[in-house]
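The following exercises ask the student to read a protein chain residue by residue. Each task is followed by a solution in steps.

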Amino acid sequence: MKSYLVLICLLLLSFGTWGQSKKDSVAIRELLEKEASTWREGNVKAHADCWAVKPYSRILISTKEGKTIDLDPKIIVNPPANLMGNGGHAIISNVKMSIIGNSAWVNHDEESVSKDGQSSFSYEMRLLEKINGAWKLVGQSVHSYK
């Protein structure tokens, strides 16, 4: 009898855990989509809302030419006027994530399509934290490729 009770409790606990991860994974995916679209739209306020710049935040970018850019995370929430709002859209695919408590690590592929239809590709790693119940980006690594 005790073993059945333990089994039922474990099943109920696992369903609750799976539900939370599923809910969080959907919220994270929506955040990634929002971050990509607000950047291209030039919506500075909505884009900044996707981020929480922390003392440990970092944005590393590898270009197709093999250069590395260590971008100041403050630029992502307060960019110069010419840096964002260039139109186009992003296609995010192959999303894989690990969610542990209020932290998440997400890998995905991205195809960025400019407003004139030109595509560029990158592998991206994103670091997120749940702050006041909302997922925020705190760091990322972008690796562009041909």
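**Exercise 1.** Determine whether D24 is buried or exposed, and identify the salt bridge that its side chain forms.

*Solution.* 
Step 1. In this predicted model, D24 has a relative accessibility of 5%. Buried means under 20%, so D24 counts as buried.
Step 2. The side chain of D24 meets that of K130 in a salt bridge, with 2.9 Å from N to O.
Step 3. D24 belongs to helix α1 and K130 to strand β5, so this pair ties together parts that are 106 residues apart in sequence.

**Exercise 2.** Describe the salt bridge between R58 and D70, and classify the accessibility of R58 and of D70.

*Solution.* 
Step 1. The closest N and O atoms of R58 and D70 are 2.7 Å apart.
Step 2. R58 is in strand β1 (residues 58-62) and D70 in strand β2 (residues 68-71), so the pair joins parts that are twelve residues apart in sequence.
Step 3. R58 has a relative accessible area of 47% and is partly exposed. D70, at 46% relative accessibility, is partly exposed.
Step 4. The count of salt bridges comes to nine.

**Exercise 3.** Which residues of the largest nonpolar core touch the most other members, and which elements each supply at least two residues?

*Solution.* 
Step 1. In soluble globular proteins, nonpolar side chains tend to be buried together.
Step 2. The largest nonpolar core has 16 residues, of which I28, L31, W51, L128, W135 and L137 touch the most other members.
Step 3. At least two residues come from each of α1 (2-41), β3 (89-100), β4 (103-113) and β6 (134-145). Helix α1 gives the most, with four residues.
Step 4. Beyond its neighbours within four places in sequence, W135 has contacts that include D24, I28, L31, L128 and K130.

**Exercise 4.** How many aromatic pairs are found in the whole structure, and why does the pair of Y123 and Y145 count as stacked?

*Solution.* 
Step 1. The search finds two aromatic pairs.
Step 2. For Y123 and Y145, the ring centres are 4.4 Å apart and the planes stand at 15°, so the pair is stacked. The cut-off for this class is an angle under 30 degrees.
Step 3. Y123 lies in strand β5 (residues 119-131) and Y145 in strand β6, so the pair ties together parts 22 residues apart in sequence.
Step 4. Y123 is partly exposed at 43% relative accessibility, and Y145 is partly exposed at 26%.
Step 5. One aromatic cluster is formed by F121, Y123 and Y145.

**Exercise 5.** Which residues make the nonpolar surface patch of about 280 Å², and where does W105 lie?

*Solution.* 
Step 1. The patch is made by W105, M125 and L127.
Step 2. W105 lies in strand β4 and, with a relative accessibility of 43%, counts as partly exposed.

Key:
Residues are numbered from 1 along each chain as its sequence is written. This is a predicted model: local features need pLDDT of at least 70, side-chain atom pairs count only at pLDDT 80 or more; totals for chains, interfaces and linings use all residues. Side-chain values use heavy atoms; hydrogens and water are left out. A nonpolar core is a set of buried Ala, Val, Leu, Ile, Met, Phe, Trp, Tyr and Cys residues joined through side-chain atoms within 4.5 Å. Buried means under 20% relative accessible area, exposed over 50%, partly exposed in between (1.4 Å probe, protein chains only). Contact means heavy atoms within 4.5 Å. Patches are made of residues with over 30% relative accessible area and no salt bridge: like charges are joined within 9 Å, nonpolar side chains (Val, Leu, Ile, Met, Phe, Trp, Tyr) within 5 Å. Accessible areas come from the Shrake-Rupley method with a 1.4 Å probe; for residues, only the protein chains shown count as cover. A salt bridge is a side-chain nitrogen of Lys or Arg within 4 Å of a carboxyl oxygen of Asp or Glu. Rings of Phe, Tyr and Trp (its six-membered ring) pair if their centres lie within 6.5 Å; planes under 30 degrees apart count as stacked, over 60 as edge-to-face and the rest as tilted.
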